[in-house]
Amino acid sequence: MSKIMKQILIRLIIPVFTIGLFGCSHVPTSRTATVNITDLSSAALPAVAAEFITMHETEVPEHDHGEHAPHMDSVTWRFWRDSDRITTERPQLGVGELWQRDGHSVLHRKLYHHDRRAIEFQPDDLRMLQTGPSWQKLSLLLDQQVLEQLTAGDIEWSDGYPIKEYQGKIAESEWHIVMRMDLALPVLIERHHEHGAERTELLHAYALSEAPWKPAPADSYDVIDFADLGDKEYDPFVARVLSQMGHDHSH
């Protein structure tokens, strides 16, 4: 496999997770319903469904004046979590991701709902590409090592929910994170850096059994193994996906 091809394929399995502010919630809580984020067992995480909006602000050069103007993109996405299965969807784009674990093994599928097709990554593929995040990171929607480098506040209560704020600077980025401690989910992840900013906000949260929407059924999709992608470059679907990934990579 060529180096460029490998770089394109690696981009297929980088989760698009980052988050931000106090959304509407339908998960009942009490002043004892908190999760210890500093000693978190993924088995203890509540089963939840949530909806977020992520906004990216970048500086775009104005050719007439040689200056930079802010450009904002946003996408709404959904998240379902139980003990052994994590699913995300971006309804506007018709794509999603499935992470499923069996013991210590993790399987990943990139879902293309409009095409009713999927690309599947086996545990060996994830190890080879060195891009498989930990189950804890997938479950929390952030890397706990980031939290450990930030200054943490005390647990406070907002609208009846226990929250904890984290702030500080890591490398060249300024971070502000707010966690809902009863859900073990971020309600805000905000990062500012020299090239722009990202912000994700929690819009809605539900107990998994009470969520008003479910993941698109994908059991009948045509599944292509990651290892076979290089042999299917002339498949119009594969060619389009690889072209999109290559375009993203070049920019």
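1. Contact here means heavy atoms within 4.5 Å, and among contacts in the chain between residues at least 6 apart in sequence, 57% join residues at least 24 apart. The model is a predicted one, in which local features need pLDDT of at least 70 and side-chain atom pairs count only at pLDDT 80 or more, while totals for chains, interfaces and linings use all residues. Residues are numbered from 1 along each chain as its sequence is written, and side-chain values use heavy atoms, with hydrogens and water left out.

2. The chain has five helices and 14 strands, taken as DSSP runs numbered from the N terminus (helices H or I with at least four residues, strands E with at least two). Of the 251 residues in the chain, 45% are buried, where buried stands for under 20% relative accessible area, exposed for over 50% and partly exposed for what lies in between (1.4 Å probe, protein chains only).

3. Five aromatic pairs turn up in a search of the whole structure; rings of Phe, Tyr and Trp (its six-membered ring) pair if their centres lie within 6.5 Å, and planes under 30 degrees apart count as stacked, over 60 as edge-to-face and the rest as tilted. The ring centres of tyrosine 112 and phenylalanine 237 are 5.2 Å apart and their planes stand at 80°, so this pair is edge-to-face. Because tyrosine 112 belongs to strand 6 (residues 105-112) and phenylalanine 237 to helix 5 (residues 236-250), the pair ties together parts that are 125 residues apart in sequence. Tyrosine 112 is buried at 6% relative accessibility, and phenylalanine 237 is buried at 4%. Elsewhere, ring pairs link Trp80, Tyr206 and Trp213 into a cluster.

4. Glycine 94, in the loop between strand 4 and strand 5, is buried with a relative accessible area of 7%. Its C-alpha atom is separated by 6.3 Å from that of tyrosine 112, 18 residues apart along the chain. Not counting residues up to four places away in sequence, glycine 94 touches Leu111, Tyr112, His113 and His114.

5. Glycine 96 is part of strand 5 and is also buried, with a relative accessible area of 4%. Glycine 96 and lysine 110 are 14 residues apart in sequence, with 6.1 Å between their C-alpha atoms. Leaving aside neighbours within four places in sequence, the residues in contact with glycine 96 are Thr88, Glu89, Arg109, Lys110, Leu111 and His113.

6. The second largest pocket holds about 230 Å³ of space. Of its 15 lining residues, the closest to its centre are Arg85, Leu98, Ala216, Ala218 and Asp219. Strand 4 (85-90), strand 5 (95-102) and strand 6 are the elements that give two or more residues to this lining. On a 1 Å grid over the protein atoms alone, a pocket is an open set of points where a 1.4 Å probe fits, with protein on both sides within 12 Å along at least five of seven lines, and lining residues have an atom within 4 Å of a point; grid points are joined across faces, edges and corners, and a volume is the space filled by probe spheres set on the points.

7. Two loop residues deserve a look at the backbone. Arginine 116 has a positive phi of about 55° although it is not a glycine; it lies in the loop between strand 6 and strand 7 (117-121) and is partly exposed at 45% relative accessibility. Alanine 171, in the loop between strand 10 (161-170) and strand 11 (173-180), has a positive phi near 55° and is exposed at 63% relative accessibility.
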